[in-house]
Amino acid sequence: MKKLITLIFISVFLSSPTFAQELSNIKENIMDSTTLKPANMILATNLQKLLHQDEMNFNLVLKKQGSHNQQPITLKRFEPEQTTHLGHQHISFVIDKNSDMLLGFVRLLPKYIRSEQQVSKVVAFEITLNFLKNYAPDLLVNYKNSWIDTHDETIMVADKKITITGIKVKCRDLNTGSYFWTIIAPDQSVMVFERNIEWDFIRAGRQTQKWLHAQWLNKNL
């Protein structure tokens, strides 16, 4: 009799909305973790143009759904290995889930280790304008360049922290009050792009999620 009751309970649970939701959650978590395919099989053609040839073989190690301010987004993170190593070299994209608009990306790679040989501020600004014409033309309608200067990021390579450097071009979208910026690498490629960044001046801190930043991901994944 007990066995019959147990079988009936299991049968009811398997057909219940609760089980269906749990199964959906499991599938979503799998999708959000790892799908081992290289960047050249995952990314749209226009996004592949932002990468060098040797970066096309980086593996998709993390795919995560979330929000950028109130916009639903997808994070796609690529690394040369087959698992996620937060704080190490990576290429990541934040893409608007509804429009496929590029909201941000980074190429934090050891080949950009700190060097005195940087592009000039004038060249960095020109590269930024050309990039925005192709990937975010709406930001050029009404903006103000806040400043241009060198900028450092750190990553771990072979258990050692290294500093990589580029020229950061920071601007403000005067229509929305939010910020956007690029970081231009020494080889004149775009190393970093972020947009729609909201800033709380009272708290002196960024309010927009930091999907491209390892420290934030460590706390929020």
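In the hairpin of strand 3 and strand 4, five residues lie between the strands, and Asp-100 takes a positive phi near 65 degrees. Strands here are DSSP runs of E, at least two residues long, and helices are runs of H or I, at least four residues long, both numbered from the N terminus. The model is predicted: local features need pLDDT of at least 70, side-chain atom pairs count only at pLDDT 80 or more, and totals for chains, interfaces and linings use all residues. Residues are numbered from 1 along each chain as its sequence is written, and side-chain values use heavy atoms, without hydrogens or water.

Strand 3 (residues 90-96) pairs with strand 4 in the antiparallel sense over six bridges; pairing requires at least two DSSP bridges. His-90 stands opposite Leu-108 of strand 4. Strand 4 also pairs with strand 8 (residues 190-197), again antiparallel, over three bridges. There, Val-106 stands opposite Val-192. Seven of the seven residues of strand 4 (residues 102-108) are buried, so the strand is largely enclosed by the rest of the structure. Buried means under 20% relative accessible area, exposed over 50%, and partly exposed in between (1.4 Å probe, protein chains only).

Glu-55 sits in the loop between helix 4 (45-48) and strand 1 (59-68). Glu-55 counts as buried because its relative accessibility is 1%. Beyond its neighbours within four places in sequence, Glu-55 is in contact (heavy atoms within 4.5 Å) with Ala-39, Ile-91, Arg-107, Leu-109 and Lys-111. Glu-55 and Arg-107 are 52 residues apart in sequence, and their C-alpha atoms are 9.1 Å apart. Their side chains make a polar contact at 2.8 Å.

A polar contact is a pair of N or O atoms within 3.5 Å; within protein, one must be able to donate a hydrogen and the other to accept it, and residues adjacent in sequence count only if both atoms are side-chain atoms.
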